[in-house]
Amino acid sequence: MSNKKVIKDQRFEEERALYNATNLIVENCLFVGEENGESALKEATEVEIKSCYFDLKYPFWHDDNVVISNSTMTPNCRAALWYSKNIEINDSNLFGIKALRECNGIKLNRLNVYSVEFGWKSNNIEGRNLIINGDYVFLMGKNINLRKVRYEGKYSFQYIENLTIEDSIFDTKDAFWHSKNVIVKNSIINGEYLGWYSENLTFINCKIKGTQPLCYCKNLKLIDCELDGCDLAFEYSEVDASLKGNIKSIKNPLSGKIVYDAADEIILKDSKYPSTCELIKR
């Protein structure tokens, strides 16, 4: 039996309505109203949120040990979770801009996220069964593990460190720029200019689409991957690749080895830097 106080079936519209709440269950409540109150649960600790509706700004700032389930944060619920730690969100909708920022220790399960600038500068994140739509997702994040994610948006995973992605589908552009220590497995990535300036970026059994992928990379690895229709790939990259199917063109890889089935064109000219990359056709 929980010793937490229960607040149920209430409406809150004033600023800091439940400020500094501790050991609390908030169930089937509305955070709406003409007062347009901000920061409803700021500085909260050991709080459970169940089946609630948030239509006001900044509800969860500087919080610790909060579980949110079956709840909705509307587009009016801007910057919902900032500077918080040990947060779990399940079966919920996050529709406000900048919904998660500078947080640590986050578990995300079965969410619909429509949020530009989601997850900036946030660390130690586990995400499962997510639908995410919005540009610049997880910018400058660290220590992130994602599985079964469907993502649509530009400029994803830039300046990120220590990321693992599995069984996911991405419709994106300029993804993984300046990233470090990223592994992507069993996934589909559709987007232009993938992975430029990355370090220790690895794709395993992935299908990649889009123009000019994987240029200026350091220690790039592709294991049993397909580059479908990709052109001008690998320019000035340090690469170790095993490619399936046909690639449209490979251009001036810097070093390493590329084993491929077929290529429409191999471009080894007009290079600013000498290429020592070994190209092997099966």
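Author: A residue is called buried under 20% relative accessible area, exposed over 50% and partly exposed in between (1.4 Å probe, protein chains only). This is a predicted model, where local features need pLDDT of at least 70 and side-chain atom pairs count only at pLDDT 80 or more, while totals for chains, interfaces and linings use all residues. Residues are numbered from 1 along each chain as its sequence is written, and side-chain values use heavy atoms, without hydrogens and water.

Reader: What is the relative accessible area of asparagine 143?

Author: Asparagine 143 belongs to strand β15, residues 142-154 (strands are DSSP E runs of at least two residues, and helices H or I runs of at least four, numbered from the N terminus). Its phi is positive, about 60°, although asparagine 143 is not a glycine. Asparagine 143 counts as partly exposed because its relative accessible area is 35%.

Reader: Near what value is the phi of arginine 16?

Author: Arginine 16 lies in the loop between β2 (11-12) and β3 (22-27). With a relative accessible area of 39%, arginine 16 is partly exposed. Most residues other than glycine have a negative phi. Arginine 16, which is not a glycine, has a positive phi near 55°.

Reader: Why is one side of β7 and of β12 left without a neighbour in the sheet?

Author: The open sheet has three strands in the order β7-β10-β12, with parallel pairing (two strands pair if DSSP finds at least two bridges between them). β7 (60-61) and β12 (100-101) are at the edges, so one side of each has no neighbour in the sheet, and each has a single partner strand.

Reader: Which residue in β10 is the bridge partner of tryptophan 61?

Author: β7 and β10 (residues 81-82) run parallel and are joined by two bridges. Across from tryptophan 61, the bridge partner in β10 is tryptophan 82.

Reader: How far apart are the C-alpha atoms of serine 255 and phenylalanine 234?

Author: Serine 255 is in strand β25, residues 255-260, and is partly exposed at a relative accessible area of 21%. Leaving out residues up to four places away in sequence, serine 255 touches Ser237, Glu238, Val239, Thr276 and Cys277 (contact means heavy atoms within 4.5 Å). Serine 255 and phenylalanine 234 are 21 residues apart along the chain, and their C-alpha atoms are separated by 9.8 Å.

Reader: Which residues does threonine 211 contact beyond its neighbours within four places in sequence?

Author: Threonine 211 sits in the loop between β21 (207-209) and β22 (220-228). Leaving aside those neighbours, threonine 211 is in contact with Glu192, Tyr193 and Asp231.
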